Amino acid sequence: MVLQSLSRNQLFWLCQSGGWAVYAVLTALMIKIPSQEPWQLGLPHLLLDTSFGFMLTLLLRAWYRNVSAQHTRSKILWHLLMILLSCLVWTQWKWQTLQWLYGQIWQSMTWFDFGTWNSASLTILLTWTALYYASKATFETMEQRQKAAEAIHLAKEAQLKMLRYQLNPHFMFNSINAICTLILKQENQHAVSMLEKLCDLLRYSLYTDPLAKVTVAEEILILQTYFDVEQCRFRNKLNVSIVADDDVKGLLMPSLLLQPLAENALKHGMRMSQQSYAITVSFSQQNGQLQIRMLDNGSGFAEQAETGSTGPSTGIGLHNCEERIALIYPGQSSFSFGNRAEEGAWIQINIPQERPGLPQG
C-alpha cells in the first residue's frame, strides 16, 4: 500500500538509493573485509566508489531519456557504447582514488587488474541498466492499467448518470400536464396536493447522487411519493400496495430504481377501459439476495417483451433498469419479467445484500 501511494519519480529514488546501499554493503562484505584493507582507507574508498557510481547512473538515466526516441538498432548501439565508456571512467576513478588514498600519485594498472576491475564495473552497470528498463516498463504498464481502469470507471459513472436522468423528463411532463388539467377543471385542491408531491419527488431526484445507494426504507418512501402523485391523476382507480420484510428495510439498493418501472407499468400496462388498476411491490430475502417483485393486473407485456426484447411496447424503463443493475452489480444480479397466468405482468429483481458501512454480502 505504501509503494502504491508513491509517485513514479519517488519510486525511482527509493530504488536508486536502496540499490546503491546494497552495492556498498556487498562490496564491503565481499571485497573490503576479506582483503583486510585498513578501514581508514577502505571506508573512504568505498564511499567515493559508491558515490561516483550513484552519480554516474543518474547521468546514464538522463542520457537514456534523451535517446529514447531513436530507432531501436541505433539506440542499442549507443547504449552499449555509453555503458562501455562509463565502465572505463568508473574503473579509472576507483583505481586512481585508491592510489591517492595510499599516497601514490600515479601507478598504472596491470592487465589483470584492468580486466578484473572493468568486468566488475561492467557487470554493475549492465545490471543497473537492465533493472532501470525493467522497472520503467513495469511502471508504464501500471500507469496504463490505472488510466484504463479510471477511463472505464468514468465511462461507467457517465452511463449510470445518463440512465438515471434519462427517466425523469417523461414523468415530469406527464405530471405537469396532469396538474394543468386539474387547474383547468378548477380542482385546485388536487392540483396543489399533486404539485407538493411532485416537488418532493423532484427535490429528492435532483439532490440525490445518481451513483449513491439508499436503504430499502428510503426507496419505499420515495416510491410511495411517486404513487401519491399518480394517485392525484387516477384517483380511486389506482390501488397500490408496498410491503417489505423488516429484515430487508436496512439493506441498500440503487436510488430511484423502481420509479421508472412503476411509470412503465402505468404507461404501458394500464388499459383505458380498466376500472381498477392494482400494483403490488414487495421486498424480501431470497437465497441470500434482496428480491424485489412488482406485480400488476394490467394488459401485460407484448409478445416481443416476453421473449426478452424490450421494444417500444415496454418503453425505456425496463431496459434502463436492467442496464443499471448490470453495471452496478456485474454478474451478481438478475432481472426478469413476464406475464402473469391470470392477468397483468410481473417484474423480479435480485441483487446482492448490502448494508450501510459493511462490505457487500
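1. pLDDT is the predictor's confidence in each residue, on a scale from 0 to 100. The structure above is a predicted model, and its protein chain averages a pLDDT of 82, with 87% of the residues scoring at least 70. Among the elements of the chain, strand E5 (residues 289-296) has the highest mean pLDDT, 95, whereas helix H10 (residues 303-306) has the lowest, 48.

2. Caution is needed over residues 304-313, where pLDDT stays under 50 and for which the model has 15 contacts beyond four places in sequence. Where pLDDT is low, the predicted coordinates should not be read in detail.

3. As to the overall fold, the secondary structure of the protein chain comes to 11 helices and seven strands, and buried residues make up 39% of its 361 residues. Of the contacts between residues at least 6 apart in sequence, 72% join residues at least 24 apart. The accessible surface of the chain is about 20700 Å², and 63% of that area belongs to carbon and sulfur atoms.

4. Lys94, which has its place in helix H4 (residues 72-101), deserves a look in the viewer. Lys94 is buried but has no salt bridge, since the nearest side chain of opposite charge, that of Asp49, is 4.5 Å away, and a salt bridge calls for a side-chain nitrogen of Lys or Arg within 4 Å of a carboxyl oxygen of Asp or Glu. Leaving aside residues up to four places away in sequence, Lys94 touches Tyr23, His45, Asp49, Trp117 and Ser121.

5. Helix H9 (residues 259-269) is mostly covered, with nine of its 11 residues buried. The buried residues of H9 include Glu263, Gln259 and Asn264 as well as Leu261, Ala262 and Leu266.

6. Gln186, with phi near 60°, lies in the loop between helix H6 (168-184) and helix H7 (188-207), and Gln186 is exposed, because its relative accessible area is 67%. Asn287, with a phi of about 55°, lies in the loop between strand E4 (277-286) and E5, and Asn287 counts as exposed because its relative accessible area is 81%. Most residues other than glycine have a negative phi.

7. On the cysteines, the count of disulfides comes to zero. Cys180 counts as partly exposed because its relative accessibility is 40%, and Cys199 counts as partly exposed because its relative accessibility is 38%.

Terms used:
Residues are numbered from 1 along each chain as its sequence is written. This is a predicted model: local features need pLDDT of at least 70, side-chain atom pairs count only at pLDDT 80 or more; totals for chains, interfaces and linings use all residues. Side-chain values use heavy atoms; hydrogens and water are left out. A disulfide is a pair of cysteine sulfur atoms within 2.5 Å. Buried means under 20% relative accessible area, exposed over 50%, partly exposed in between (1.4 Å probe, protein chains only). Helices (H or I, at least four residues) and strands (E, at least two) are DSSP runs, numbered from the N terminus. Lys and Arg count as positive and Asp and Glu as negative; His and the chain ends are not counted. Contact means heavy atoms within 4.5 Å. Accessible areas come from the Shrake-Rupley method with a 1.4 Å probe; for residues, only the protein chains shown count as cover.
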